[in-house]
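Please keep the sequence and the coordinates in view while following the text.

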Amino acid sequence: MRHLHQAGCGCLAALSRRNLLGLGLGAAALAATGSATGPALALDEGYEAMLMKCIDPRFTTEVWKYMSSRGWQNKYSQFNIAGGPIAAVAPIFQEWRAAWEANLDISVQLHSVKRLIGMAHRDCGAAALAYGDRIKTDRAFETEMLGQGLRAFRDQALKRQPQLIVELGIMDLNGTVEAVS
């Protein structure tokens, strides 16, 4: 067995049985009683929703505010990928689809997810790759293409998980969300 540590680095000594036993007892006590700064973590009793969104960091805070305004703060899981729900359906992103579908299935299985929120956004570079540069300059075209992609996303998700309630939206740069039916 090849060691990647320098002689005398001390990291292996920290993993002695005595130190590991103490670490394990400390972790068990913390889990049972909570930390000095707050209560123990609640049991996972499922999430209300799963959010599928783009990786664009301009929308991280606004999407969090939106989900929190729905009463779902810390009650939703999320899957982020370039293009968000558009990536799940656009042919250019076909190779990503299996990862999304597996994640959706395991989220429903492990967390009893009831709703799926598909959130696209304005000025999305991945959407421009999927639907062409016109999406950057023609807002009506952008709305139509994002809407088509979101509806295809809903159809695809419901084929896999027909019990889900699927909600769709397009987030503007200012954080407002336009519902897509």
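The paragraphs below take up the sheet, the helices, the nonpolar cores and the salt bridges in turn.

This is a predicted model, in which local features need pLDDT of at least 70 and side-chain atom pairs count only at pLDDT 80 or more, while totals for chains, interfaces and linings use all residues. Residues are numbered from 1 along each chain as its sequence is written, and side-chain values use heavy atoms, with hydrogens and water left out.

Helices (H or I, at least four residues) and strands (E, at least two) are DSSP runs numbered from the N terminus. An open sheet is formed by 5 strands in the order E2-E1-E3-E4-E5, with mixed pairing. Because E2 and E5 stand at the edges and each has a single partner strand, one side of each is left without a neighbour in the sheet. From one strand to the next the twist averages 25°. Two strands count as paired if DSSP finds at least two bridges between them.

Strand E3 pairs with E1 in the parallel sense over 5 bridges; here Ala 49 has Arg 115 of E3 as its bridge partner. E3 also pairs with E4, again parallel, over 7 bridges, and Ala 120 has Ile 170 of E4 as its partner. E4 and E5, by contrast, run antiparallel and are joined by 4 bridges, with Gly 169 opposite Ala 179 in E5. The hairpin of E4 and E5 has 5 residues between the strands, and Gly 175 there takes a positive phi near 95°.

How much of E3 is covered? In E3, 6 of the 7 residues are buried, where buried means under 20% relative accessible area, exposed means over 50%, and partly exposed lies in between (1.4 Å probe, protein chains only).

Helix H6 lies across E1, E3, E4 and E5 and runs at about 160° to E4. For these angles, axes are lines fitted to C-alpha atoms, for helices over the stretch in contact, and the angles run from 0 to 180 degrees between N-to-C directions. Contact means heavy atoms within 4.5 Å.

Helix H2 (residues 60-69) has Val 63, Tyr 66 and Met 67 as its buried residues. They cover an arc of only 95° around the axis, so they lie on the same side of H2; the arc is that of the directions from the helix axis to the C-beta atoms. An α-helix has 3.6 residues a turn, so residues three or four places apart point the same way. The buried residues of H2 pack against E1, E2, E3, E4 and E5. Just after H2, Gly 71 takes a positive phi of about 85°.

A nonpolar core is a set of buried Ala, Val, Leu, Ile, Met, Phe, Trp, Tyr and Cys residues joined through side-chain atoms within 4.5 Å. The largest such core has 35 residues, and those with the most contacts inside it are Trp 100, Leu 104, Leu 116, Ile 135 and Phe 153. Two or more residues each come from E1, H3, E3, H4, H6 and E4, with H6 giving the most, 6 residues. Leu 116 touches several residues beyond four places away in sequence, among them Met 50, Trp 100, Leu 104, Phe 153 and Val 166. A second, separate core of 11 residues includes Val 63, Met 67, Ile 117 and Met 119.

The whole structure has 13 salt bridges, each being a side-chain nitrogen of Lys or Arg within 4 Å of a carboxyl oxygen of Asp or Glu. One joins Glu 178 and Arg 122 at 3.0 Å, N to O. This pair links distant parts of the chain, with Glu 178 in E5 and Arg 122 in the loop between E3 and H4, 56 residues apart. Glu 178 is partly exposed at 36% relative accessible area, whereas Arg 122 is buried at 4%.

Another salt bridge joins Arg 139 and Asp 172, the closest N and O atoms being 2.8 Å apart. Arg 139 lies in H6 and Asp 172 in the loop between E4 and E5, 33 residues apart. Arg 139 is partly exposed at 48%, and Asp 172 is buried at 17%. Finally, Glu 48, Arg 70, Arg 115 and Glu 167 are linked in a network of salt bridges.
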